[in-house]
Every structure is written in structure tokens, then in C-alpha cells.
Amino acid sequence: MSNILSTKDYIVFFIYFIIVASYGLWVFYRKRAKTVGGESKDYFLAEGSLTWWAIGASLIASNISAEQFIGMSGSGFKMGLAIATYEWMAAITLIVVAVFFIPVYLKNKIFTMPQFLNQRYNSTVAMIMAVFWLLLYVVVNLTSILYLGALAVSSISGLSITFCMYAIAVFAIIITLGGMKVIGYTDVIQVFFLILGGLATTYLALNLVSEHYGNGQGILHGYHMMTEKASEHFHMVLKPDNESYLDLPGLSVLIGGMWIVNLNYWGCNQYITQRALGADLKTARSGILFAAFLKLLMPVIVVLPGIAAYVMWKDGLFQNEMMQGGEVNPDRAIPYC
């Protein structure tokens with residue numbers, strides 16, 4: 001099976017890049033022509049210009065990246081559907097944020113967590129928080145997203161990982177020049193294609209399983225074969241004897257630490273919450289709830305293809321493709337599923 005892009009694939013990718021990048025540059029130059037010196041508040045919050053569906057889509061686009069499509073598919077390959085608890089708990093967390101967090105932020109005009117900590121405690125605490133998040137994004141988030149995204153593109157294009165990392169970085173810079181307004185609306189485009197492409201990947205993966213184990217009877221047959229061939233991968237709560245138990249330790253993580261992580265990420269993270277902070281309460285709440293709905297779709301899009309890859313790998317397919325450094329690398333599941 002060939003996983004290398006054809007000329008037509010490159011053309012489609014190039015057209016998508018031109019459309020999204022051109023829109024970002026158009027908004028950037030239009031805003032610069034209208035505003036002398038720039039308005040930082042408008043740049044970071046897109047004051048009142050984002051609709052609820054743009055806010056919801058942007059929340060998901062800022063969250064979904066290579067971490068989900070590569071990392072969670074790899075986790076689906078390794079441990080199965082249990083990894084979906086992160087996504088479904090995130091949906092619940094978003095409801096909590098919409099009901100309890102956002103009203104407080106908007107009422108008190110809180111736009112960043114360091115700002116809140118400065119008001120609540122002092123500037124020292126605020127500075128520690130700001131430095132911590134800056135290092136976290138630069139050292140952990142940004143590097144992992146660039147690497148995993150480059151790994152996926154490199155796997156299906158044959159280009160070097162280094163070149164792919166630089167290309168993704170340049171693309172990200174171009175579409176963020178116009179500030180939060182252009183980010184919000186380009187995110188709508190990207191979420192549409194992320195979900196469409198994710199559903200297409202799931203369809204192809206299930207259909208591939210169906211063709212491998214039967215006569216190509218369709219995706220329902222493929223799903224049935226997956227549950228039959230890898231029933232252990234469809235348990236939502238892992239047992240202590242599961243080799244992945246330490247990665248997702250049963251009910252203890254569901255009713256314990258995961259709530260802290262989710263509330264911190266979705267409710268106290270400027271990278272996420274700033275999408276809604278420039279809107280009125282009704283629009284902000286509607287956008288966050290729309291994001292919660294989209295979160296429910298993520299396991300179907302990113303986990304099932306990983307399980308499909310595991311089922312076929314266990315039956316002898318993709319043995320060489322899944323190897324890296326002499327060991328099986330689950331993160332290579334998505335390009336081959």
C-alpha cells in the first residue's frame with residue numbers, strides 16, 4: 001500500500017494553504033490600514049467581532065492539533081477507546097466553564113490568569129504564573145505540536161521532518177498576523193476540514209478493516225470486526241493488569257486528577273479562553289457549548305482509526321511501517337490506517 005502523496009494531493013494541499021494564508025494576510029493588511037499603531041486589545045480579543053460558531057470552532061482548532069491526530073490515534077493503537085475519556089471529560093468541563101467561569105471573567109474584565117492572580121494576590125505570583133505558562137508553551141506545547149505535525153506530513157509526503165517543521169511554523173505565523181479575529185475565522189475553515197478529513201479517515205480505516213476480514217461489506221462490518229478482534233481496546237476503564245494501566249489508571253484518574261487538569265486547561269488558560277473573552281456573555285457561552293458538542297465527535301475521528309491500525313497490525317499488516325528505532329511506534333498509526 002502506498003502512503004506517498006501524488007501530484008494531485010500536493011495541488012489540493014497547496015490550494016488549501018493559499019486560501020487560508022491569503023485570508024489571514026488580507027485581514028492583517030486591512031486592519032493595519034484602518035488602525036494606526038495597532039490596538040492590542042483588538043488583536044488579542046477581537047472585540048465583539050467573533051460569532052458563537054467562530055468562537056466554538058476556534059476553541060476546538062486551538063485544542064486539536066498533531067497532539068490529537070497523531071498522539072491520540074497512537075494511544076488508540078496502544079490502549080484503545082479508554083483514551084477518549086480525556087475528550088468526553090473535556091466536553092463536561094467546557095459546560096462548567098461556560099456556566100461558572102466565563103461570567104466571572106467577563107464581569108470583572110479578567111483577560112489573563114496572571115491579571116487575575118495580580119488582583120487576587122500580588123505581582124510576584126502573577127509573574128511566576130506568566131513565566132511558567134510561557135516556558136510550558138515554548139518548551140513543551142510548541143515543540144511537540146511542530147514535531148508531531150511534521151511526523152505526520154513527513155510520513156505521507158516523503159519530505160524531511162525538519163523541512164516539514166519549518167513549513168508548519170511559517171504557515172502558523174502567516175495565519176496569525178491578523179490577530180484573534182483572523183484566527184477565529186481561519187479556525188472555522190480549519191475545523192471544517194479537520195472534522196471532514198477525520199471522518200473520512202475513520203471511514204477509510206473501517207472500510208479497510210472490512211475489506212481485510214470480509215468482502216468489503218461496509219464500515220459497520222469493519223467496526224464489528226474491530227470489536228471482535230480487539231475487544232480489550234473498547235473498554236473505557238482499564239483494569240490494573242492492563243499494560244497501559246499506569247497511563248490511564250482506571251476510575252482514580254476520572255474522579256481525581258483529570259478534573260484539575262481539565263479545569264486548568266479549559267478555564268484558566270488564556271490560549272483557550274481568550275477566544276471567548278472579547279464577546280458578550282450569551283455569545284461566549286454559546287460558543288463554548290458548541291465547542292463541547294464538537295468535543296464529543298473527537299474520539300470517533302482520532303481514536304477509532306488508531307484501533308483499526310492496531311487490528312490490522314496485529315494481523316500482520318504495516319509491520320515495517322510501524323517500526324521506528326527497532327520498536328513499534330504507535331504514533332505512526334494514523335498515516336497507515
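Rings of Phe, Tyr and Trp (its six-membered ring) count as an aromatic pair if their centres lie within 6.5 Å. The legends below refer to close-up views of a predicted model.

Figure 1. By the ring-centre rule, the count in the structure comes to twelve aromatic pairs. In the pair shown here, Phe-17 and Phe-171 are tilted, with 5.1 Å centre to centre and 40° between the planes. Phe-17 is partly exposed, its relative accessible area being 24%. Phe-171, by contrast, is buried, with a value of 15%.

**Figure 2. Edge-to-face pair of Phe-77 and Tyr-310.** The ring centres of Phe-77 and Tyr-310 are 5.5 Å apart, and the planes form an angle of 90°. Because Phe-77 lies in helix α4 (residues 66–78) and Tyr-310 in helix α15 (residues 304–314), the pair ties together parts that are 233 residues apart in sequence. Phe-77 and Tyr-310 are both buried.

**Figure 3. Further arrangements of aromatic rings, with Tyr-16 and Tyr-121 among the residues shown.** One aromatic cluster is formed by Tyr-16, Phe-192 and Phe-193. Tyr-121 takes part in an arrangement with a charged side chain: the charged end of Arg-120 sits over the ring of Tyr-121, at 4.9 Å from the ring centre.

**Figure 4. Helix α15 and the residue Gly-316 that follows.** Of the eleven residues of α15, ten are buried, so the helix is largely enclosed by the rest of the structure. The buried residues are Leu-304, Pro-305, Gly-306, Ile-307, Ala-308, Ala-309, Tyr-310, Val-311, Met-312 and Trp-313. Tyr-310 is also the partner of Phe-77 in the edge-to-face pair. After α15 comes Gly-316, which has a positive phi near 105°.

**Figure 5. The largest cavity and the residues that line it.** Three cavities of 30 Å³ or more are counted in the structure. The largest cavity holds about 50 Å³ of space. Its lining is made up of Tyr-105, Ile-110, Phe-111, Thr-112, Met-113, Gly-267, Cys-268, Asn-269, Gln-270, Thr-273 and Leu-277. Helix α13 (residues 270–277) contributes the largest share of this lining, three residues. By residue class, the lining of the largest cavity comprises six nonpolar and five polar residues, and no charged ones.

**Figure 6. Two cysteines, Cys-164 and Cys-268.** The count of disulfides in the structure comes to zero. Cys-164 is buried, with a relative accessible area of 3%. Cys-268 has a relative accessibility of 19% and counts as buried, because the class extends to values under 20%. Cys-268 is also one of the residues lining the largest cavity.

**Figure 7. Lys-109 in the loop between α5 and α6.** The loop that holds Lys-109 lies between α5 (85–107) and α6 (113–120). Most residues other than glycine have a negative phi. Lys-109, although not a glycine, has a positive phi of about 55°. With a relative accessibility of 55%, Lys-109 counts as exposed.

Figure 8. Asp-9 has its place in helix α1 and, at 35% relative accessibility, counts as partly exposed. Val-104 is found in helix α5 and is partly exposed, with a relative accessible area of 43%.

**Figure 9. Glu-228 of helix α10 and Val-311.** Glu-228 lies in helix α10 (residues 219–229) and counts as partly exposed at 48% relative accessibility. A separation of 9.7 Å is found between the C-alpha atoms of Glu-228 and Val-311, which are 83 residues apart along the chain. Val-311 is one of the buried residues of α15.

Note on methods
Residues numbered from 1 in each chain as written. Predicted model: local features only at pLDDT ≥ 70, side-chain atom pairs only at ≥ 80, totals over all residues. Heavy atoms only, no water. Phe/Tyr/Trp six-rings, centres within 6.5 Å; stacked < 30°, edge-to-face > 60°. Buried < 20%, exposed > 50% of the residue type's maximum accessible area, 1.4 Å probe, protein only. Helix = DSSP H or I, 4+ residues; strand = E, 2+ residues; numbered from the N terminus. Lys NZ or Arg CZ within 6 Å of the ring centre and 35° of its normal. 1 Å grid on protein atoms, 1.4 Å probe; cavity = no way out; pocket = protein on both sides within 12 Å on 5 of 7 lines; lining within 4 Å. Points joined across faces, edges and corners; volume = space filled by probe spheres on them. Nonpolar A, V, L, I, M, F, W, Y, C, P; charged D, E, K, R; others polar. Disulfide = S-S within 2.5 Å.
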